[in-house]
Amino acid sequence: DELIGLDPLLATWIISAFAAVGALFAPHLSATMPSPKFQFVLGNILCGFGLIFAAIPSIPALGINDTVRKVLVAIALSFYMVLYPPLSGPGSFLTCIRLWQPKFIPLGMSCGSMLLNMWSFLGATIFPIMVQGISGGPDEDQKVGMSYSLLILGILSLVSAISVQLFARMY
């Protein structure tokens, strides 16, 4: 709501609708991708750029008009929300399955799922603290912290994609 100027409940509904639209394409995209690794890497690159492009307009030093900023951020976040469910979401699980030799798949998937859930928990816990800390406290402009936090997450997404592309060996 801080970034795009919407009521939080309405923003949640809109985000959920975009995610649902993206999820409708997940089975088809998963079936047509050359490999799970490609799906994961492509998804993380596109979603990473979506987060980076959502962050850039809110950086105060750029001085972008508030209406233009809100439109640009809304487009970039929509791009991210439509692409995550069919690409990065299932791609992470499909890639995780292929990382392990067949006899280790149950243990590997269990560990991978545990790490993914731990990352989600940490993200949900640390993200608001990070936003507020980068902003300079609860009374400061939270758009600043949000933009830099999204920038960091976008960069981490790109690093993840590059790391998997360069170092992950599929079975």
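Q: Where is Val68 placed?
A: In this predicted model, Val68 sits in helix α4.

Q: Is Val68 buried, exposed or partly exposed?
A: Val68 has a relative accessible area of 41%. Buried would require under 20% and exposed over 50%, so Val68 counts as partly exposed.

Q: Which nonpolar patch on the surface includes Val68?
A: The patch is formed by Ile45, Phe49, Phe53, Ile56, Leu62, Ile64, Val68 and Leu72. Together these residues have about 640 Å² of accessible area.

Q: Which elements give two or more residues to that patch?
A: These are α3 (36-55) and α4 (66-99).

Q: And where does the largest share come from?
A: Helix α3 provides the largest share, with three residues.

Q: Turning to aromatic rings, how many aromatic pairs are there?
A: The count is two aromatic pairs. In one of them, the rings of Phe49 and Phe53 have centres 5.9 Å apart and planes at 20°.

Q: Why is that pair of Phe49 and Phe53 called stacked?
A: Planes under 30 degrees apart count as stacked, and the planes of Phe49 and Phe53 are at 20°, so this pair meets the rule.

Q: How far apart are Phe49 and Phe53 in helix α3?
A: They are four residues apart, which is about one turn of the helix.

Q: What is the relative accessibility of Phe49, and what is the relative accessible area of Phe53?
A: Phe49 is at 38% and counts as partly exposed. Phe53 is at 48% and is also partly exposed. Both residues belong to the nonpolar patch described above.

Methods
Residues are numbered from 1 along each chain as its sequence is written. This is a predicted model: local features need pLDDT of at least 70, side-chain atom pairs count only at pLDDT 80 or more; totals for chains, interfaces and linings use all residues. Side-chain values use heavy atoms; hydrogens and water are left out. Patches are made of residues with over 30% relative accessible area and no salt bridge: like charges are joined within 9 Å, nonpolar side chains (Val, Leu, Ile, Met, Phe, Trp, Tyr) within 5 Å. Accessible areas come from the Shrake-Rupley method with a 1.4 Å probe; for residues, only the protein chains shown count as cover. A salt bridge is a side-chain nitrogen of Lys or Arg within 4 Å of a carboxyl oxygen of Asp or Glu. Buried means under 20% relative accessible area, exposed over 50%, partly exposed in between (1.4 Å probe, protein chains only). Rings of Phe, Tyr and Trp (its six-membered ring) pair if their centres lie within 6.5 Å; planes under 30 degrees apart count as stacked, over 60 as edge-to-face and the rest as tilted.
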